[in-house]
Each structure stands twice: as C-alpha cells, then as structure tokens.
Amino acid sequence: MNITIDKTDEGFLVEIEGRIDTTNYNEFEGNIAHLYTEKGATIYLDCSRLDYISSSGLRIFLTLQKKVKIQGGVLKIFSMQPQIKEIFDISGFSSIFAIFPDYSAAKEA
Amino acid sequence: MNRKRLSFKIIVRVLLFCFILGGSIFTIYYLFARKTIERESRENAIHLAESTVYKIEEIISPAEMIPDNLAWIMETNTLSRDSIYAFLKRLVRNNKSVFAGAIAFEPHMFSEDQYAFAPYAYRSGEEILSRDLWSPAYNYFIMDWYQIPALLKKPYWSEPYYDEGGGGVLMTTYSVPFYRNINNSRVFAGIITIDISLEWLTEIVNSVKIFDTGYAFLISGNGVYVTHPNASQIMNQTIFTFAKEINEPKIREIGRDMISGKSKFSNVNLKGMGNVWIYHTKIPSSKWSLGVVYPHREMFAGLRNLNIMIFLLSVVALVLLIIATIRIIDRQIRPLSKFANAARSIAGGDFDTELPAVDENHEMLELHDSFRFMQEELTKYIADLKETTSAKEKIESELRIARGIQTDMIPHIFPPFPNLPEIGLYASLESAMEVGGDLYDFFPIDDDHFCFAVGDVSGKGVPASLFMAVTITLIRSMSDKNRSSSEIVQSVNKTLTINNESNMFVTLFVGILNLRTGELQYCNAGHNPPVLLREGQEPLMFSNTKAIPVGIFEMYDYCDETVMLDKSDQIFLYTDGVTEAEDVDKNLFGEAALIKALSENRDESSNELTERVKQSVKEFVNDHMQSDDITMMCITYWGKNENKTKQNK
C-alpha cells in the first residue's frame with residue numbers, strides 16, 4: 001500500500017495504491033487522519049490504483065466521510081476499479097458515498 | 001575445540017619456520033666457513049712452500065759461495081800442486097755440508113806438460129782423503145758436471161744421484177767455471193765442483209706435515225723426485241712417470257709447470273687421497289721445484305665435524321623447542337577447553353555454570369569477559385522470555401475461553417430442529433483468528449415463521465468479535481412475530497449506531513421464512529447477496545441491495561423484499577470470506593467460482609452442499625493462511641406436510 005496526498009486548488013487529492021486489508025488499515029488511517037480536522041475541505045480519493053479493500057478499509061472510508069462532513073467538507077471518490085466498485089455495490093456503500101468515474105467528473109460535481 | 005590438533009598445527013608451523021630459518025642460516029654459515037677455510041688453506045700452502053724454499057736456500061746459498069769464492073782465488077793466484085790439495089782438504093773439512101770438492105783443469109791449463117789435472121778431496125769416514133780424478137778410465141771432460149757448465153759458462157747444479165763411493169748417500173754436485181788471464185784475455189780454465197749431501201734436504205722437506213696425509217715433495221729440473229714421503233719414489237720415478245702410472249694428465253701438466261719454474265695452484269684428483277690441492281714453487285738457485293699437497297677431505301674435516309656437531313645440537317634444540325611449544329600452547333589454550341565445556345553446559349540450560357578462572361593479564365581474559373556477558377544476557381533474556389511467554393499464554397488462554405463463549409453464541413447442533421420438517425438447515429463458521437466478526441443465527445419466531453440471519457462485522461479479531469456478540473444478541477432480542485425483517489434490522493441499526501465512535505459496521509442479512517407458504521421476507525443491509533438454488537435452473541444470485549450496513553446511520557430506512565420459495569428450493573448464504581478467500585498469489589475465489597461450486601453440488605443436502613463449497617474454497621486457497629472469517633449457511637425449504645423427496649439424495 002502506498003498513499004500520496006497532494007494539496008491542490010480544489011482541496012486534497014489522495015491517491016491510494018495497492019491493497020487495504022486487515023494488515024495495513026491502521027497505517028492507512030494513520031496516513032489520512034490529519035484530513036479529519038481539515039475545515040470545509042473537499043477531499044478527492046483517487047482509487048484508480050486501489051486493487052483490493054477489505055471491510056476494515058471500508059470502515060476508514062466511512063470514518064473519513066463522517067469526519068469531513070462534521071468539518072463542513074465533502075469526500076469524493078473516483079476512478080474505482082470494477083472489483084472495488086462491486087464491493088461498494090454489494091455492501092450498499094455506493095449509496096452513501098459520492099462516487100465519480102474520473103477526477104474531472106468529481107471536480108465538476 | 002580439539003586442543004591436540006591446534007597444538008600440532010602451531011608446532012608444525014613453528015617447526016617449519018625454524019627449519020627454513022635454521023637451514024638458511026646454516027647454508028650461509030657453511031658457504032662462508034668453507035670459503036674462509038679455502039682461503040686460509042691457500043695462504044697456508046703458499047706460506048708453507050715459501051718457508052720451506054727459504055729453509056732450503058738457507059743451506060744452498062752458503063754452499064754456492066764456496067766454489068764461487070774458489071773460482072775467484074783460482075783466477076787470481078797460481079797455486080802449486082801440493083797447496084791445491086791442502087787447500088781442498090781444508091775446504092772439505094771446514095764445511096760440514098760439503099762431501100767432496102774438486103778443481104778440474106782444462107787440458108794443459110795447470111801446466112804445459114800435464115794434459116789433465118783434477119785434484120779432488122773427499123770424506124772417507126772421519127778422514128779427508130785426496131787424489132787426482134783423472135785417469136784414462138775416467139775422462140772427466142765428458143762428464144755432465146764438467147761439460148755442461150763448461151758449455152754454458154754458468155754455474156750448474158747437477159741432477160741428484162746416489163754416490164756409490166760415498167756410502168749410498170743422495171748427492172748433488174754444484175759446478176762453477178773459472179777463468180785465467182792469459183795474454184791479456186780471459187780464458188776458460190776449468191771447473192770447480194763441490195758435492196753436497198742431500199740428506200738434510202730430505203729432512204727439511206719431509207718435516208713438512210699437512211694434516212694427516214698431506215705432504216711436500218721436491219723434483220729436480222728433469223722432474224725426478226728428489227724428496228718424497230714415499231722413499232721408493234726418490235730417484236726412481238719422475239713426476240711424469242707417476243702421471244702415467246696413475247693416468248692423470250693433470251699431474252703431467254703440473255710437472256711441466258714445475259720444471260719451467262712457475263708458481264701455481266692446481267686442483268687434482270689423486271688416487272687414494274681424493275681431491276687435493278697442489279701448490280708448487282721453484283727453488284731459485286737450482287732448477288728444482290717444491291710442491292705441497294693439500295688433501296681436501298682433511299682440509300674440510302674440521303668443518304665437517306663442526307657440521308655434525310651443529311646438526312646434533314639442532315636436533316636437540318628442535319626437540320626442546322617442540323616440548324616447550326607444546327607446553328606453552330597447552331598452558332595458553334587450556335582455558336579454551338574449559339570454555340568449550342562451559343559453553344556446552346550453558347547451552348544445556350545451566351546459565352550459572354562457573355567459568356574457568358583466567359588471570360588478569362591472560363590473553364583469554366577478553367573471551368572470559370565475553371562469556372560472562374553472554375551468561376548475563378542469556379539469563380536476562382530467558383527471564384524476559386518467561387515473562388513474555390506467560391503473558392502471551394495468559395492472553396491465549398483468555399482468547400480460547402472467548403472463542404468458546406463466541407462459539408456458544410451461535411447454534412451449532414445440526415440438524416437443529418428435528419421437529420421442524422419444513423426446512424433442512426446447515427451452517428458453518430470458521431474464524432481466521434481465535435475469535436471473529438462473522439455471525440449467523442436462526443430460530444423459529446412462531447409456528448409458521450422461521451427467522452435466520454447472516455452477518456459480517458467490519459474487521460476481524462477481538463474488536464470484531466465484541467461487535468458480533470452485541471449484534472447477535474440484538475437480533476435475538478429484537479425478533480418477534482410483530483416485526484418484519486426490515487424492522488429487526490432497523491432496531492439493530494439504531495442500537496448499534498449509538499456511541500459507535502469507531503465506525504464499526506455490520507453487513508447483515510435477516511430473513512423470515514413463512515414455513516407454510518414459502519414466502520421469504522428479507523432485509524439485506526449491505527451483505528453479500530445470497531444464492532437461490534432451484535431445481536432445473538442455474539443458481540441465481542439475489543440482486544444487490546441498496547441498503548447500507550448497520551451501525552452507520554442511525555436514521556437509515558431499511559426496506560423489506562420478498563421472494564416466493566418453491567418446495568425443495570435452497571437458499572445459500574455466505575460472507576465475503578468465501579468470495580474473497582485468497583490463494584498464495586492473492587487471487588480471490590470470487591462469485592463465479594462460488595456459483596460453479598454451487599451448480600455442481602446443487603442436488604445435495606444443505607449439509608453436503610455447504611461442506612462441498614467449503615472444500616472447493618480450501619482447494620483454491622491451497623494451504624495459504626486464511627485471511628478472513630468464512631461463514632456459510634444453507635436452508636432447504638421442504639414446505640408443510642410434504643414428503644422429503646430431496647433428503648434421500
């Protein structure tokens with residue numbers, strides 16, 4: 001797993017590479033935890049290179065979404081690979097996250 | 001540690017070094033010593049020869065003076081016959097080395113009327129006698145002693161000879177020509193001779209002793225042996241006949257050099273003596289030559305003896321060195337064996353093993369300290385390990401108990417309801433860890449309604465298991481005949497969401513089956529869609545739910561859905577531990593493989609079907625570590641009061 005966070009004009013662009021599972025979800029949360037306190041920020045999660053996510057990882061997504069909302073911000077997820085999208089679909093998470101096909105679509109919305 | 005072998009190795013190296021060193025020193029010493037001996041012997045030989053020559057000259061020179069002086073007297077004075085005899089007799093008497101003396105006149109030189117006159121005085125015992133040498137039988141004019149100096153006009157030493165008249169004594173004759181003034185011209189007048197015994201010469205030369213077998217010898221101008229330690233050679237053999245006899249051309253060469261008066265060193269091999277040096281030099285007054293013979297073997301005998309002594313001493317020194325080395329090494333490394341024993345006993349668990357005592361200055365002190373340090377660290381480490389192990393054991397035993405409790409929370413006796421013929425049911429839950437977050441449950445709500453649930457808490461392990469326990473308890477307590485499946489889910493959601501700071505969530509499928517009608521009412525909160533197996537059809541997956549897992553939003557609205565089951569229809573429920581089971585390359589088992597496994601075994605009973613799917617997953621995973629909890633449940637609907645046709649399959 002490799003996380004890169006860039007501060008952009010639009011907000012924060014978080015790129016997730018690899019797998020998020022029970023062995024590294026703590027590390028993932030540690031990497032993005034500072035975003036929990038960003039006021040009114042728009043956070044973009046680039047999932048184009050996310051290969052797998054377990055329920056532990058989904059919980060961090062959920063936590064991030066809740067924290068961002070409390071700070072008045074927005075969480076946008078884009079470029080999900082089909083198998084990740086399927087996990088979101090099965091669990092019903094697709095209905096509670098803002099999911100976009102790509103970065104530009106996410107920015108426009 | 002093999003102490004003996006180590007000693008041996010060190011000794012071999014030390015000895016080899018000593019051997020090479022000793023050998024080099026010895027070789028240098030030997031060459032140097034040999035050279036020195038050679039040089040000294042050479043100088044010695046020259047010195048010996050020169051001093052011998054000097055001794056000979058010391059006797060010859062005065063002897064030569066006699067006829068020289070006499071010649072002068074004869075040249076200036078005219079003596080009468082009687083006075084010549086008297087003069088000669090006195091001369092012989094007064095000179096011990098002179099055996100005889102003669103004055104031989106040229107024809108008619110002494111007096112006109114006398115053809116030849118040669119007065120001669122000689123020793124005969126104690127007496128000195130005299131006579132005229134001339135007689136018709138002894139024509140002295142043709143004798144060597146007369147003819148040669150007369151022709152050469154020079155003094156002449158004759159070849160040595162044995163004098164028959166003189167009692168077999170080795171003699172030589174020294175002849176000097178003399179002159180007279182006649183009519184104002186110097187005319188050759190005759191020869192003056194003295195005979196000298198060579199006994200003294202033999203004595204002088206034979207007194208030269210070189211080691212045991214070395215010697216000196218004298219040869220005449222013709223190469224005849226004048227003196228030789230072997231008396232039979234004297235006057236009987238020349239150096240050239242000797243060379244021929246022993247077949248040694250080098251000797252002949254030496255002989256030539258000798259009679260031509262050279263001084264020279266030569267190296268020859270003499271029969272019976274081995275290699276010898278011969279140094280020769282001439283006797284200046286005569287044409288004779290002196291040779292000294294130096295036997296090599298004896299020349300270097302001292303050196304050889306010294307070498308033997310050195311060799312013996314070296315052997316003794318080496319033996320002493322070996323003994324000393326063994327003892328030193330033994331003493332130095334004795335602690336090593338003790339350390340080895342200590343190490344063994346430490347390895348055996350005795351950390352308090354006493355270490356071998358080592359002196360303050362001993363080379364092994366550092367090893368000793370390292371051992372002590374190792375002992376202390378081991379003791380500390382083992383103490384820590386014991387503590388950690390006991391702590392870990394405590395946690396493990398607690399986890400085992402927790403596992404027991406969790407296992408007891410879910411029904412695990414199959415078939416569960418023997419008095420409920422409308423359904424066949426089998427379920428299985430395997431945690432990836434001691435405790436897990438998967439759950440299933442089933443129970444009749446009333447005579448006609450049968451409730452079942454399958455759920456999956458996010459994450460796994462202890463946190464998930466706590467959440468699972470709460471969830472399963474909530475499902476049980478919330479289910480009654482007045483609640484629909486969605487109402488049960490909603491109630492569970494509300495309770496779980498309160499104070500859920502960690503954002504744990506549960507995907508949950510709750511179904512209520514009407515045993516009479518086959519109507520299945522269900523609510524799927526983000527759970528994997530179950531599969532419907534119907535006779536004559538391919539396995540059919542329920543559509544994905546739109547509802548989110550429970551525990552996230554308190555006010556979320558969950559909806560009911562319904563499906564009608566035919567008799568012998570089967571519902572297969574599972575958690576993502578099945579579809580997301582991973583092999584070693586992190587490939588997922590997937591929905592397609594699940595459908596395939598179900599399709600292949602769809603005629604089996606709930607029990608068998610579940611076990612077969614579990615087997616398929618196991619084969620796919622192939623011993624790779626189980627990454628997530630795996631839960632499956634299969635319900636076969638038989639309908640009310642019907643024959644259980646499928647149960648015999």
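B:Asp623 counts as exposed, with 9 C-beta neighbours inside 10 Å. B:Asp623 sits in the loop between helix H14 (606-621) and strand E22 (630-637) of chain B. Helices (H or I, at least four residues) and strands (E, at least two) are DSSP runs, numbered from the N terminus. Although B:Asp623 is not a glycine, its phi is positive, about 70 degrees.

This is a predicted model, in which local features need pLDDT of at least 70 and side-chain atom pairs count only at pLDDT 80 or more, while totals for chains, interfaces and linings use all residues. Residues are numbered from 1 along each chain as its sequence is written, and chains are lettered from A and ligands numbered from 1 in the order in which they are written.

Two other loops of chain B have backbone features to look at. B:Asn184 is in the loop between strand E6 (169-182) and strand E7 (185-197) of chain B. B:Asn184 is not a glycine either, yet has a positive phi of about 60 degrees. Is B:Asn184 buried or exposed? With 5 other C-beta atoms within 10 Å, B:Asn184 is exposed. The loop between helix H9 (365-409) and strand E13 (423-430) of chain B holds B:Pro415. The peptide bond that joins B:Phe414 and B:Pro415 is cis, with omega about -5 degrees.

Chain B as a whole has 14 helices and 22 strands. Of its 649 residues, 33% count as buried. Two residues are in contact if their C-beta atoms, placed from the backbone, lie within 7 Å. Among the contacts in chain B with a separation of 6 or more, 63% are between residues 24 or more positions apart.

The buried residues of H2(B) are B:Leu88, B:Leu91 and B:Val92. They are on the same side of H2(B) because they cover an arc of only 95 degrees around the axis, the arc being that of the directions from the helix axis to the C-beta atoms. An α-helix has 3.6 residues a turn, so residues three or four places apart point the same way. B:Asp82, B:Ser83 and B:Asn94 are exposed on the other side of H2(B).

One of the buried residues of this helix, B:Leu88, is touched by B:Pro119. B:Pro119 belongs to strand E2 (residues 119-124) of chain B and is buried, with 24 other C-beta atoms within 10 Å. Leaving aside residues up to four places away in sequence, B:Pro119 also touches B:Ile84, B:Tyr85, B:Ala102, B:Ile103, B:Ser130 and B:Asp132. The C-alpha atoms of B:Pro119 and B:Phe105, 14 residues apart along the chain, are separated by 8.8 Å.

Further along chain B, helix H5 (residues 239-246) and helix H6 (residues 249-259) pack at an angle of about 170 degrees, with their axes 8 Å apart. Axes are lines fitted to C-alpha atoms, for helices over the stretch in contact, and angles run from 0 to 180 degrees between N-to-C directions. H5(B) and H6(B) are therefore roughly antiparallel to each other, a term used for angles over 145 degrees. Among the residues that make the contact are B:Phe240 and B:Phe242 of H5(B) and B:Ile251 and B:Met258 of H6(B).

Chain A has 109 residues, of which 41% are buried. Its elements follow the pattern β-β-α-β-α-β-α-β-α along the sequence. In chain A, 15 residues are in contact with 18 residues of chain B. The elements that give two or more residues to this side of chain A are helix H2 (55-70) and helix H3 (82-91) of chain A. The largest share, seven residues, comes from H2(A).

The buried residues of H2(A) include A:Leu58, A:Ile60, A:Phe61 and A:Val68. What covers the buried residues of H2(A) includes strand E3 (42-53) of chain A and strand E15 (449-457) of chain B. Just after H2(A), A:Gly72 takes a positive phi of about 85 degrees.

Technical notes
Buried ≥ 20, exposed ≤ 12 C-beta atoms within 10 Å, placed from the backbone. Parallel < 35°, antiparallel > 145°, perpendicular 65-115°, else oblique.
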